[in-house]
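Me: I have a structure to go through, and I would like to know what lies behind the terms used for it. Could you take me through them?

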Amino acid sequence: MKWVTLISFIFFLSSARSWNLQRVARDADHKSEIAHRYNDLKEETFKAVTMITFAQYLQRCSYEGLSKLVKDVVDLAQKCVADEDAPDCSKSLPSIFLDEICQVEKLRDSYGDMADCCSKADPERNECFLSFKVPQPDFVQPYVRPAGDVICKEYQDNRVSLLGHFVYTIARRNPFLYAPTILSLAADYEHALQACCKEGDVDACLDEKAAAIKEKAKKVSVKQQYSCGILKKFGERTFQADKLAMMSQKYPKAPLSEMMKVVHDIKGIYKECCDGDMLECMDDRAELMAYICSKQEVFSSKIKHCCEKPVVERSSCIIEADFDDKPEDLPSLVEKYIHDKEVCQRFEAGHDEFLSEFVYEYSRRHPEFSTQLILRVAKGYEALLEKCCKTDNPAECYGNAVEDLNKHIKETQEVVKTNCELLNTNGEAEFLKELLIRYTKKMPQVSTDTLLEIGKKMTHIGTKCCQLPEDKRLPCSEGYLSIVIQDMCRRQETSPINDNVSHCCSDSYAYRRPCFTAMGVDTKYVPPPFDPNMFNFDEKLCTAPPAEKELGQLKLLVNLIKRKPHMTQEQIKTIADGFTGMVEKCCKQSDIDTCFGEE
């Protein structure tokens with residue numbers, strides 16, 4: 001049976017609005033997880049998310065080929081709903097999906113060593129399969145949209161097939177993108193078709209809307225991979241502390257008890273999503289959003305419009321919604337956390353609970369800080385109490401706590417201020433050069449192309465964040481820089497850079513960015529021998545397009561510093577000025593190559 005005849009996707013707005021949010025009554029344990037999720041999600045959504053799951057694991061498989069696997073899983077789910085004691089119904093969802101994959105004929109012919117994962121036991125088997133997922137693979141072509149008149153007719157005649165292929169392609173090309181996000185993007189795409197097919201110039205309209213959808217997908221994908229990386233690298237405690245800070249900033253009026261419940265649920269949902277268990281990811285996230293929407297008066301005045309949306313559009317809307325307004329009557333924290341004589345008793349009686357409360361109270365007062373900065377303040381406060389509560393006079397010991405903790409804030413504010421001033425004064429091109437000099441000295445072992453990629457990403461962050469209002473600059477800058485650093489650290493795990501980078505990547509999540517900022521020249525680095533060919537200039541320096549010239553000069557700068565990492569700013573400027581003078585002189589000569597050779 002064809003996949004297109006199996007489903008009418010939940011993200012079609014008509015069916016999405018009627019999704020029954022009344023959950024099946026939940027016992028402490030479910031006899032059959034697959035029956036439980038099928039009952040919760042209902043048939044259409046269950047099928048859609050099952051297709052996404054298989055498309056993300058088996059990225060080379062055709063739409064029709066995956067349809068057969070989807071049918072097998074749906075048939076099992078329906079059997080288990082009828083009888084939870086039936087064979088295979090007690091299996092975990094990952095086991096059901098991976099067993100299905102491991103029964104694919106000629107799996108090794110298409111996927112090579114990935115077939116070896118089937119010999120492992122769960123959960124190692126799933127970890128093995130996840131390691132073979134390839135983001136934006138060359139063997140999967142991007143979604144190709146038919147011409148305007150064609151796509152509008154196809155949408156009208158074969159809506160399910162059109163959107164089904166869209167979801168399938170997005171899932172194959174983005175194997176770490178969460179299922180709720182993929183269905184949300186499909187809803188955005190349908191909205192675009194509905195609007196643009198009424199326009200005179202359908203293609204121009206769709207081009208504009210498709211670009212926005214693509215940018216949204218890219219942005220969300222990067223953030224989701226970042227969150228999975230932090231959860232895997234630093235564990236649940238750090239992950240939950242970061243989410244507690246963020247949620248307390250977003251919902252400053254909500255009580256701590258609600259924040260703790262939501263953060264606990266978020267941790268579980270991310271674990272499911274990061275492990276590729278998209279049915280549980282979809283179901284549990286929808287349930288959390290329904291819970292938040294059922295208590296809007298407790299959480300936020302900024303999500304009413306989100307809660308009125310169809311289920312598949314609701315979660316992305318809530319996630320992107322503005323922070324709620326901070327309560328006006330919040331008292332100073334100094335009395336409760338410094339002057340109170342019971343501070344040490346409360347800290348020692350319930351260490352984690354006490355610090356969670358501190359993070360919550362501090363975060364809801366400071367939406368202008370990054371979560372990483374808030375966690376640095378919290379770690380500083382924790383270290384102070386651990387030291388002072390062992391002394392005879394704790395109050396005297398932590399009497400200067402405010403000044404001590406403010407050092408973290410001043411350091412971060414100064415970094416943002418200095419870099420924004422540098423960017424605004426000198427422009428993007430000079431700012432990029434400054435970043436390349438800094439980071440080539442810190443990690444000269446990294447390839448020139450990768451350093452250029454990192455430098456351009458950081459420049460883009462500066463351009464994006466430095467134009468924001470003062471109270472938005474810091475969380476924007478450090479938030480996005482943390483993502484770039486996480487990407488660097490992920491590469492460091494498979495291709496070690498140097499001891500300094502390894503220390504900064506592994507030591508502390510909260511201190512990662514300051515650690516990279518403070519990192520000096522790698523003293524253990526031995527520069528490669530001088531290669532004259534790297535400084536072999538020809539007439540391309542004069543005739544190449546401006547962008548190519550600029551790229552060549554940036555590569556030259558990086559390669560120069562790799563050979564002389566201890567060069568001062570003055571020495572680099574002298575060489576740069578000399579190079580510019582040489583190019584200006586030789587490009588005016590009739591025999592350019594001879595001039596370059598002499599110079």
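Predicted model: local features only at pLDDT ≥ 70, side-chain atom pairs only at ≥ 80, totals over all residues.

Me: Why is H3 called oblique to H9?

Reply: The axes of H3 (residues 33-57) and H9 (residues 159-173) cross at roughly 40 degrees and come within 7 Å. Angles under 35 degrees count as roughly parallel, over 145 as roughly antiparallel, 65 to 115 as roughly perpendicular and the rest as oblique, so H3 is oblique to H9.

Me: Which residues of H3 and H9 meet?

Reply: Met51, Ile52, Ala55 and Gln56 in H3 meet Val167, Tyr168, Ala171 and Arg172 in H9 (contact means heavy atoms within 4.5 Å). By class, this contact has 6 nonpolar, 1 polar and 1 charged residues.

Me: What makes a space count as a cavity?

Reply: On a 1 Å grid over the protein atoms alone, a cavity is a set of points where a 1.4 Å probe fits but cannot get out, and its lining residues have an atom within 4 Å of a point. By this rule there are 3 cavities of 30 Å³ or more.

Me: Which elements give two or more residues to the lining of the second largest cavity?

Reply: They are H3, H5 (93-102) and H13, with H5 giving the largest share, 4 residues. This cavity holds about 60 Å³ of space.

How values were computed: Residues numbered from 1 in each chain as written. Heavy atoms only, no water. Axes fitted to C-alpha atoms, helices over the stretch in contact; angles between N-to-C directions. Nonpolar A, V, L, I, M, F, W, Y, C, P; charged D, E, K, R; others polar. 1 Å grid on protein atoms, 1.4 Å probe; cavity = no way out; pocket = protein on both sides within 12 Å on 5 of 7 lines; lining within 4 Å. Points joined across faces, edges and corners; volume = space filled by probe spheres on them.
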